[in-house]
Each structure stands twice: as C-alpha cells, then as structure tokens.
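Thanks for coming. Please have the sequence and the model open.

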Amino acid sequence: MVRAAVFAFLLLAPVPAGRGGEGLRLDEALREALASNPELLAARKASEAAAARIPQAAALNDPLLELEYDRINADRMATGRPMQMYSITQELPFPVKLYYRAKIASRIARAAHANYLAKEHDIAARVKGAFADLFLAHSSAAIMEENRRLLGQYSGIATERYAAGKGTQAEALKAQVELARADNELVLIEQRRLTAQARLNVLMGRPPEREIGAPRPASPPPRAPSLGEPYSIAQESNPELAAYRYAVERGEAALALSANEFMPDLMVKFSQMVKRGDLQGGMWAGSLGVTIPLWFIQKQAFGVREMKLELDEVRAERRMKEQSVALDIRDSLARATANWKLLRLYDGAFIPQAEEMVRAALKSYEAGAGDFLNLLDSQRTLIEFRNERARASMGLSAAVADLERAAGREIR
C-alpha cells in the first residue's frame, strides 16, 4: 500500500490544489491587467494629454481687443462728444518659432506614448513574475501535502515496527519531527501564496484579498530562449530607448528655438473710430511693432547655453540607459538559459535518480534490512529536488519576462 502511494507520487507531477474556483491562465491575467491596471491607465491618460498639447503649441497667442473712451480730447471735436476707438492687437512670433514649439510638443507627446508602451511591458513582466510566484506556491503546497501524507504512512510503519520490537523509538520520533517540519513549511508556503495572490490581484486591478485559484501551468520551452542579436532588437523595439531618442530630438528642437529667440517678434494693431454708434470708414489707424532683444547678453545668450547643457544631459542619460538595457538583456538571457538547463537536469537526471533512491530505501526498509533514517533522507532529497525544479521553472518564467521587457518584444 505504501509502495503504491510512493510510486504514484513519483511518477505523476504534482498538480496544485485549486482554491476559489478554476485556475487562472497567464493570458487571462495579462489581458485583465492591461485593461484594468491603474498605473497603465494613468500612463495612457498622460500620453493623451501630451498629444493634446501639440496644436496648442502651434497656435498664436490670443489677440487683444481694446475699447478706448477719450474725453480728454473731446473739446477738439465739433460735437464735443467723447472719442470712442476700438482696437485689435495680434502678436506674431518669428515664423520658425511656432514650428519649433510644435516640434518640441510633438516629441514630448511621442516620448509620453513610448513611456506608456514601456509601462505596458513593465506591467506584463510584473504580472508574469507574480503569476510564477503564485504557481510556485501552489506547486510547493501540493508537493508538501503529498510529502506529509507519505510521512504519515512512514510514521505508521515505524510505530508498528517499534511496537513489534523490530524498530526503535527514535525512528517513530524522527517521523513525527519530519511531520512537524512539513506542517511548518506549509504555513510558510501559505503566506507566500497569499502575498503572490495579492500582488497579482493588485496588478489586475482587483481587490488584494480576492481568491484567484491555482494558476494553470505552462509548459517549459523546448529550447533555451534566444533573440538572435538581442541588443539590436532592443534598439528597435525597447520603448524606453525610444523615449530617450524623442527626448534628444526635443532637446535639439529646444536648442534651435533658443537660438531663434534672438530674432524679433512682430506686433500688429488695427484701430477703428466709432462716432454716434457708427463706424467711421475713413477714420482708422494701424501700427506695426517689433520686439528688440536688447538684453540678449543676459537673456537669449544664456537661454542657448541652458538648452545646450540640457541636451548634453539628455544625451548622456540616453547612453547610460542603453548600457543599462544591454546589461539587463545579458543578465536575463543568462538567467533564462541557466534555469532552462537546470530544468533539463532535474527532469532527466536528478529527479529520476532521487525517485530510484526512494524506491530502493523503501524496499530495503520493508524487508527489515534498511535504515529508516535513510528512507527519510531519500524522501527529503526527492522533495528538495522537486521544489528546486519548481523554483527553476519560476526562475525561467521571470527571466524570460525580464528579457521581454528589456528587448521590448515578446518571446515565443
């Protein structure tokens, strides 16, 4: 009976016990997070707000409408009535200034949209990480529950052998200690499950305490993750790098605008006389004004210097970000490859060998020739290998998620 239970445990991969309904698939979690995550909603609204600033930047300032009521010069008129004059004034900036202002607003909007896309990648990577943590907690709980059940059977055998004078009391006590250790581990696993579940709920825009259920497992990839030339892909696809490119273009446009601040702006004014409520067609005046950048040494010159320094700063930050992305790609690709190799080792060598050790130890103990402590040690080794395999699977998922975030592209 015991041997049959052990064989069933060894040959069948543990399936996490469901909590709170059917299991959640990763694509479902991603879809809900991308639709409901408040961080992503805020980034999307920021992008839309930045796009709405483009036409504002290209527009002229509002004209100034004036009504002049003059009694000072009324006696000079034949009727002695006060003078009334309507005027409209429009400021006309130097032509290229509007172009560069619109270009600056356009690059800010593109950078905001790139930041929104980067936030999408970030949320997706965090969802995958929380999903992997939750699946690991459920898998560990299933492994530990099965381990506890088998330890209970081992404890029964040890107690019977001690009662029959064929075993020692130490064997029965050792089994009880292992059971207590399994109970303690289950408490810690439950705490990790609740934490991972709360993280995933928050990312999906749900209440943290909502029960999700056991995640549905995903098969590990048959080959180690590969991106061809990942850094070149990141240069094309990573939205954070795109945001820095737009920031550099914005800085270049701002520098060009500051250089054109040396050019004068125009002020056009038209005035019309009104007499007894009627417009006087022949009584009008017009004027043309020009701004003079008289204090250019203190104002415009330092404005150009400021924009040049800011552009140099953004270019340096862009180079730093490129190096950071390259490092993230190398690190996540190395972690993904290492965990993929570990999965192959656990499935092809470590776990089958540990299973054989448990079979041999159980057969020897039942025949009265083996050591009970050796059986427990073999069982413990198998459990450790199964937990380490689950952690390697989670590490592979997390590394692939980080790799996708750094590359800016999904890996299939």
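The protein chain has ten helices and four strands. Helices here are DSSP runs of H or I with at least four residues, strands are runs of E with at least two, and both are numbered from the N terminus. Along the sequence the order is α-α-α-α-β-β-α-α-α-α-β-β-α-α.

Before the details, the ground rules. This is a predicted model, where local features need pLDDT of at least 70 and side-chain atom pairs count only at pLDDT 80 or more, while totals for chains, interfaces and linings use all residues. Residues are numbered from 1 along each chain as its sequence is written, and side-chain values use heavy atoms, with hydrogens and water left out.

Some totals. The protein chain has 412 residues, and 39% of them are buried. Buried means under 20% relative accessible area, exposed means over 50%, and partly exposed is in between, with a 1.4 Å probe and protein chains only. The accessible surface is about 23,000 Å², and carbon and sulfur atoms account for 57% of that; the areas come from the Shrake-Rupley method with a 1.4 Å probe, and for residues only the protein chains shown count as cover. For contacts, meaning heavy atoms within 4.5 Å, take the pairs at least 6 apart in sequence: 81% of these join residues at least 24 apart.

Now the helix packing. Axes are lines fitted to C-alpha atoms, for helices over the stretch in contact, and angles run from 0 to 180 degrees between N-to-C directions.

Start with helix 8, residues 239–260, and helix 9, residues 300–366: their angle is about 170° and their axes are 9 Å apart. That makes the two helices roughly antiparallel. The cut-offs are under 35 degrees for roughly parallel, over 145 for roughly antiparallel, 65 to 115 for roughly perpendicular, and oblique for the rest. The crossing of helix 8 and helix 9 is left-handed, that is, the near helix is turned anticlockwise from the far one by less than a right angle, with clockwise being right-handed. The contact residues are twelve nonpolar, three polar and ten charged. Nonpolar covers Ala, Val, Leu, Ile, Met, Phe, Trp, Tyr, Cys and Pro; charged covers Asp, Glu, Lys and Arg; the others, Gly among them, are polar.

Helix 9 also packs on helix 10, at about 160° with the axes 7 Å apart. This pair is therefore roughly antiparallel, and the crossing is left-handed. The contact of helix 9 with helix 10 has 28 nonpolar, seven polar and eight charged residues.

Helix 10, residues 372–407, meets helix 6 as well, at about 15° with the axes 10 Å apart. Helix 6 is thus roughly parallel to helix 10, and their crossing is right-handed. Helix 6 contributes E171, K174, A175, E178 and R181, and helix 10 contributes F372, L373, L376 and R380. By type, that contact has four nonpolar, no polar and five charged residues.

Where is R210? It lies in the loop between helix 6 (169–203) and helix 7 (230–237). R210 is partly exposed, at 43% relative accessible area. Beyond its neighbours within four places in sequence, R210 contacts Q197 and N201.

Not counting residues up to four places away in sequence, S47 touches A112, H113 and Y116.
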